[in-house]
Amino acid sequence: MKFTYVKQLASLGLLTVASISVYGQRRAINSAEYALESKAPQDVIIAYEEIEKAKTHPKTANDPRMWLVRSKVYQQIFQFKGNPMIKPLSHQAGLKSASSIIEFYNSDGKKRGSDKEEAQYALSNAFASAFNEAQGYTEDINKAEGEAKALYNDTMIGYFQSLLLMYERLDTSMTNQLKGQKIERDFFVERIAYHALNNSDELKREVLLSDLVKNENPIPFVVESISKMRLNKGDTAGAKEVIKTALEKSNYANDIFNLLVNYYLTIDRTEEL
């Protein structure tokens with residue numbers, strides 16, 4: 001009887017310790033959120049420290065609320081990036097805000113209705129921060145050469161992949177606003193393709209371009225690029241197949257058909273047209 005009692009007590013003790021541990025990490029999430037409310041740089045630093053504690057703890061590492069608050073924290077860091085106190089934390093803050101809100105949506109954890117509503121607002125802010133941050137790399141890429149330039153392109157692929165994922169979830173009001181600036185889905189697809197063509201990893205380049213041809217509306221320069229890559233490797237069948245797949249998918253659009261004509265001209269087999 002005593003053994004049973006002690007055993008049960010020990011189990012209760014473990015449960016209590018575990019609950020306290022989870023509560024402690026949830027408190028870190030709450031502390032981060034409260035610290036953001038003042039919008040003072042020193043409190044943004046506190047918010048950063050608290051949310052990173054929660055992110056690294058196994059009990060809250062994939063908590064949807066943690067990802068949501070983390071997105072908000074990095075969005076504030078991006079806003080304050082010019083402040084000397086915040087600058088050391090600001091590297092790719094916009095991208096981290098974006099990846100965090102994407103993780104919120106990907107998380108299998110329970111999401112309250114209020115979290116989902118708040119996430120829509122955070123999503124718009126993360127999108128704007130990541131978009132503006134990506135534009136800031138333009139001058140650096142133009143100045144860079146060789147391997148450094150290729151690595152910049154690797155970075156840009158990450159930005160535009162994240163922006164495309166967020167674009168899919170933006171509300172109609174924001175997508176209409178972007179449309180007015182000629183920014184639609186193809187804008188992000190084209191930029192992923194452009195940076196993939198100039199990245200540092202040839203294998204990754206072909207995988208990315210193949211995925212774009214398979215999953216997105218055919219864009220002539222993307223189709224042409226991967227076709228030429230295969231042709232340069234001596235894979236004439238693969239070069240032809242990517243164009244024919246895009247041609248069918250585009251309902252035989254003229255600009256894709258012209259790629260097929262150019263393909264046959266290149267291999268000197270125009271009789272097959």
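In this predicted model, helix H5 passes helix H7 in a left-handed crossing, a crossing being left-handed if the near helix is turned anticlockwise from the far one by less than a right angle. H5 comprises residues 113–135 and H7 residues 146–167, and the two pack at an angle of about 155° with their axes 10 Å apart. Axes are lines fitted to C-alpha atoms, for helices over the stretch in contact, and angles run from 0 to 180 degrees between N-to-C directions. H5 and H7 are therefore roughly antiparallel to each other, the term applying to angles over 145 degrees. On the H5 side, the contact (heavy atoms within 4.5 Å) involves residues including Leu123, Ala126, Phe127 and Ala130. H7 contributes Met156, Tyr159, Phe160, Leu163, Met166 and Tyr167. By class, 12 nonpolar, one polar and one charged residues make up the contact of H5 with H7.

Residues are numbered from 1 along each chain as its sequence is written. Local features need pLDDT of at least 70 and side-chain atom pairs count only at pLDDT 80 or more, while totals for chains, interfaces and linings use all residues; side-chain values use heavy atoms, without hydrogens or water.

Phe160 is found in helix H7. At 3% relative accessibility, Phe160 counts as buried (under 20% relative accessible area, with a 1.4 Å probe and protein chains only). Its C-alpha atom is separated by 8.1 Å from that of Ala134, 26 residues away along the chain. Apart from residues up to four places away in sequence, Phe160 touches Ala134, Gln135, Phe187, Phe188, Arg191, Ile192 and His195.

Met166 is one of the residues with the most contacts inside the largest nonpolar core, together with Ile101, Phe127 and Phe188. This core has 74 residues; a nonpolar core is a set of buried Ala, Val, Leu, Ile, Met, Phe, Trp, Tyr and Cys residues joined through side-chain atoms within 4.5 Å. Beyond its neighbours within four places in sequence, Met166 is in contact with Ala98, Ile101, Ile102, Leu123, Ala126, Phe127 and Ala130.

Tyr137 lies in the loop between H5 and helix H6 (138–143). At 12% relative accessibility, Tyr137 also counts as buried. Among its contacts outside four places in sequence are His91, Gln92 and Tyr152. The C-alpha atoms of Tyr137 and Tyr152 are separated by 8.0 Å.

The chain has 13 helices and zero strands, where helices (H or I, at least four residues) and strands (E, at least two) are DSSP runs numbered from the N terminus. Of its 273 residues, 42% count as buried.

Technical notes
Angles under 35 degrees count as roughly parallel, over 145 as roughly antiparallel, 65 to 115 as roughly perpendicular and the rest as oblique. Ala, Val, Leu, Ile, Met, Phe, Trp, Tyr, Cys and Pro count as nonpolar, Asp, Glu, Lys and Arg as charged, and the others, Gly among them, as polar. Buried means under 20% relative accessible area, exposed over 50%, partly exposed in between (1.4 Å probe, protein chains only).
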